[in-house]
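Dear colleague,

I am passing on the structure below, together with some notes on what was found in it. Please read the notes with the structure open beside you.

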Amino acid sequence: MSGKKPYDPFESFHKLSLLWEKQINDFIYHWTDNKDFIKMSNTGTEINSRYLETFKKNQEALAGVLNLPTKNDIANVATLTVQAEEKIEALEEQIWDLQDTMKSQNKEIESVVEISKEIIKLTKQLKTELVKTKKEQIETKELKAELQEMKFELMKLTNFKEEFESIKGLLEKNKEVVRELAGSGTAK
C-alpha cells in the first residue's frame, strides 16, 4: 500500500477540458475584439432579422391560404382559453356564493314558517279563548240582569216588609186599643 493516488481518468479529462475552454475563450475574444468583425456581425444580424421577418410573413400568408393555425393564432387561443377559465372560475365562485345564500335563505324561510305555525296555533287558541270570553260575558250580562231583577224584587220585598211592619205595628196598636176598650168596658 503505497501513498499514491489511483489513476482517475475523469480528473485528467476535466483538466484537459478546462485547458481547451481557456484556449477557445481566448481565441473567441481575440476574434470578436475586431472592429471589422463587429461591423460584419451587425450587418449579418440585420440581414438575418429581415430574412426572419419576411419568412414569418410568408409563413403566415401560407398558413392563411392553407387554413392552418399560426403561432400567433395558437397564442391567442391560449390567451382566450385562460380568460375563459378565469371567467368560469369566477362564475363557479358566484354560483357557490348563491348556493350558500340560498341555503341560508332556506333556513331563514324554515324558521319563519315555524314561527308562522306557532303564531297560527296561538291565534287559534286566542280565538277559542275569545269565544269562551264572549260566552262568559253574555252569561255575566244575563247574571247581572238576573241580579238586577233580584235586587228589584228584593227592594219590593223590603218595601213589602216595611208595609207589613207598619201594618203589624198598626195591628198591635189596634189590639192594644181593643184591649183598652175591652178592658174599659168590663171595669164599668
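In this predicted model, Phe-55 has a relative accessibility of 45% and therefore counts as partly exposed, whereas Tyr-51, at 52%, counts as exposed, the cut-off for that class being over 50%. Tyr-51 and Phe-55 are four residues apart in helix H2, which means that about one helical turn separates them.

A pair of aromatic rings is described by the distance of the centres and the angle of the planes. The count of such pairs here comes to four. For Tyr-51 and Phe-55 the ring centres lie 6.2 Å apart with the planes at 25°, and because planes under 30 degrees apart count as stacked, this pair is a stacked one.

A stacked pair is also formed by Phe-160 and Phe-164, whose ring centres are 6.4 Å apart and whose planes stand at 20°. These two residues, Phe-160 and Phe-164, belong to helix H3, where they are four residues and so about one helical turn apart. Phe-160 counts as exposed at 53% relative accessibility, while Phe-164, with a relative accessible area of 47%, is partly exposed. Elsewhere, Phe-27, Trp-31 and Phe-37 are linked into a cluster by ring pairs.

As for pockets, the largest one has a volume of about 180 Å³, and its lining includes Lys-56, Gln-59, Pro-69 and Asn-72. Helix H2 (35–66) and helix H3 (71–187) each supply at least two residues of this lining, with H2 giving the most, namely four residues.

With best regards

Technical notes. Residues are numbered from 1 along each chain as its sequence is written. This is a predicted model: local features need pLDDT of at least 70, side-chain atom pairs count only at pLDDT 80 or more; totals for chains, interfaces and linings use all residues. Side-chain values use heavy atoms; hydrogens and water are left out. On a 1 Å grid over the protein atoms alone, a cavity is a set of points where a 1.4 Å probe fits but cannot get out, and a pocket is an open set with protein on both sides within 12 Å along at least five of seven lines; lining residues have an atom within 4 Å of a point. Grid points are joined across faces, edges and corners, and a volume is the space filled by probe spheres set on the points. Rings of Phe, Tyr and Trp (its six-membered ring) pair if their centres lie within 6.5 Å; planes under 30 degrees apart count as stacked, over 60 as edge-to-face and the rest as tilted. Buried means under 20% relative accessible area, exposed over 50%, partly exposed in between (1.4 Å probe, protein chains only).
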